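Here are my notes on the model, point by point. Please read them with the structure open.

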Amino acid sequence: MTAVDTAVRVLLWTTTADAGPAARPAPPEGALTDPQELAAPPPDVTAVLTGLAARTAARLRLDALAAGERRPAGPGALLLAAAVGGRARPRLAAEAVRAAPPARSLWDVLTHHAVVAPALPHIGDAVLAGRLRAASPLTALLDRPDPVGETDAELLLEDVLLTHPQGRRMITTVYCEAPASPTQALWRGRLLDQLRMSERDLVIDVYEAALLRHAQAHLSLVRRARVGLTAPPDLPAARPVAYWWAALARLERSHRRLLKARSGIGKEYLEGVRLYRQVERLEASEGSTG
């Protein structure tokens with residue numbers, strides 16, 4: 001079995017992504033021999049990459065946005081797939097990731113995400129996982145980035161996704177969900193606050209959708225964090241949850257009328273705002289006594 005064979009098996013495995021994490025088996029493993037063939041795949045393998053890009057665009061409802069991309073998908077996803085399949089030898093797999101060209105077209109962005117996002121839970125080596133995450137700007141944007149990949153994720157958001165209704169809709173749909181981890185909460189909270197001035201309506205859309213679709217999950221996190229702020233306060237545990245609400249807390253101060261005009265934003269949002277302000281006060285107090 002060659003590296004190309006391994007990569008193709010992993011690419012075919014990604015078609016099970018729609019089954020959901022619970023029903024999805026671990027990605028197949030294989031050898032990484034003849035890795036030079038990954039840089040110039042045969043036509044049948046290129047066709048697999050093209051199909052993967054189209055399916056991913058349709059699944060994420062970015063098909064109209066992707067239809068305007070004239071640059072084809074490159075071999076990057078093939079190298080990333082080989083790395084996933086060769087994860088039992090993490091150093092060699094990391095070399096495959098290092099050889100992958102950056103995602104230059106939207107088709108690259110989609111295929112890299114299709115490989116990396118479902119594979120990450122199965123990557124035990126932290127260095128390899130970090131390199132895979134850094135190679136997929138869409139995965140970084142929707143989940144959370146490796147520090148190396150932050151800039152690419154932000155550029156993808158600002159230069160591509162925010163320029164099209166489908167991209168904006170996807171950001172609203174994903175970012176309104178309750179964060180799955182503290183690092184994800186911090187990342188999404190920072191981006192929402194960063195967009196607060198230039199994309200105010202989008203940010204309010206995210207919070208309105210969160211309260212309409214996922215209120216109980218969000219408020220459960222808020223209440224758990226507030227319990228942890230009893231003496232002595234556990235600021236590190238509460239901070240990620242609070243920071244997810246930072247942009248809304250600041251909009252509540254500066255643009256309260258805009259929030260009141262949204263029918264989906266009821267009084268329950270104040271719980272998140274209060275948490276953020278409580279953490280803000282505790283941090284200021286901690287800084288003044290430090």
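**Notes on the predicted model**

1. Start with helix H10, residues 165-175, where Gln166, Gly167, Met170, Ile171, Thr172, Val174 and Tyr175 are buried. Buried means under 20% relative accessible area, exposed over 50%, and partly exposed in between (1.4 Å probe, protein chains only). Helices (H or I, at least four residues) and strands (E, at least two) are DSSP runs, numbered from the N terminus. The cover over the buried residues of H10 includes helices H3 (63-66), H8 (137-142), H9 (150-159), H11 (182-194), H12 (200-213) and H14 (235-244).

2. On the basis: residues are numbered from 1 along each chain as its sequence is written, and side-chain values use heavy atoms, without hydrogens or water. The model is predicted, so local features need pLDDT of at least 70 and side-chain atom pairs count only at pLDDT 80 or more, while totals for chains, interfaces and linings use all residues.

3. An unreviewed UniProt entry lists residues 26-285 as "domain: FtsH ternary system". UniProt positions follow the numbering used here, feature names are shortened, and annotations may be inferred rather than shown by experiment. Over residues 26-285 the chain is 66% helix and 0% strand, with the end C-alpha atoms 47 Å apart.

4. Which residues touch the most other members of the largest nonpolar core? They are Leu110, Leu138, Leu141, Leu161 and Tyr175, in a core of 57 residues. H12 gives the most to this core, with 8 residues. Another core lies apart from it, with 35 residues, among them Leu38, Leu80, Ala96 and Ala119. A nonpolar core is a set of buried Ala, Val, Leu, Ile, Met, Phe, Trp, Tyr and Cys residues joined through side-chain atoms within 4.5 Å.

5. Look at leucine 141. Neighbours within four places in sequence aside, its contacts (heavy atoms within 4.5 Å) are Ala153, Leu156, Leu157, Leu161, Ile171, Tyr175, Trp187 and Leu191. Tyrosine 175 also has the charged end of arginine 188 over its ring, 5.0 Å from the centre. For that, NZ of Lys or CZ of Arg must be within 6 Å of the ring centre and within 35 degrees of the ring normal.

6. There are 16 salt bridges, each a side-chain nitrogen of Lys or Arg within 4 Å of a carboxyl oxygen of Asp or Glu. Arginine 133 and aspartate 143 form one of them, at 2.7 Å, N to O. Arginine 133 is in helix H7 (residues 126-134) and aspartate 143 in the loop between H8 and H9, so the pair ties together parts 10 residues apart in sequence. Arginine 133 counts as buried at 9% relative accessibility; aspartate 143, at 23%, is partly exposed.

7. Arginine 250 and aspartate 193 also meet in a salt bridge (2.4 Å, N to O). This pair links distant parts of the chain: arginine 250 in helix H15 (residues 246-254) and aspartate 193 in helix H11, 57 residues apart. Arginine 250 is partly exposed at 27%, whereas aspartate 193 is buried at 18%.

8. The model has 4 aromatic pairs. Rings of Phe, Tyr and Trp (its six-membered ring) pair if their centres lie within 6.5 Å; planes under 30 degrees apart count as stacked, over 60 as edge-to-face and the rest as tilted. Tyrosine 207 and tryptophan 244 are edge-to-face, 4.9 Å centre to centre with 75° between the planes. Tyrosine 207 sits in helix H12 and tryptophan 244 in helix H14, so the pair ties together parts 37 residues apart in sequence. Ring pairs link Tyr207, Trp244 and Trp245 into a cluster.
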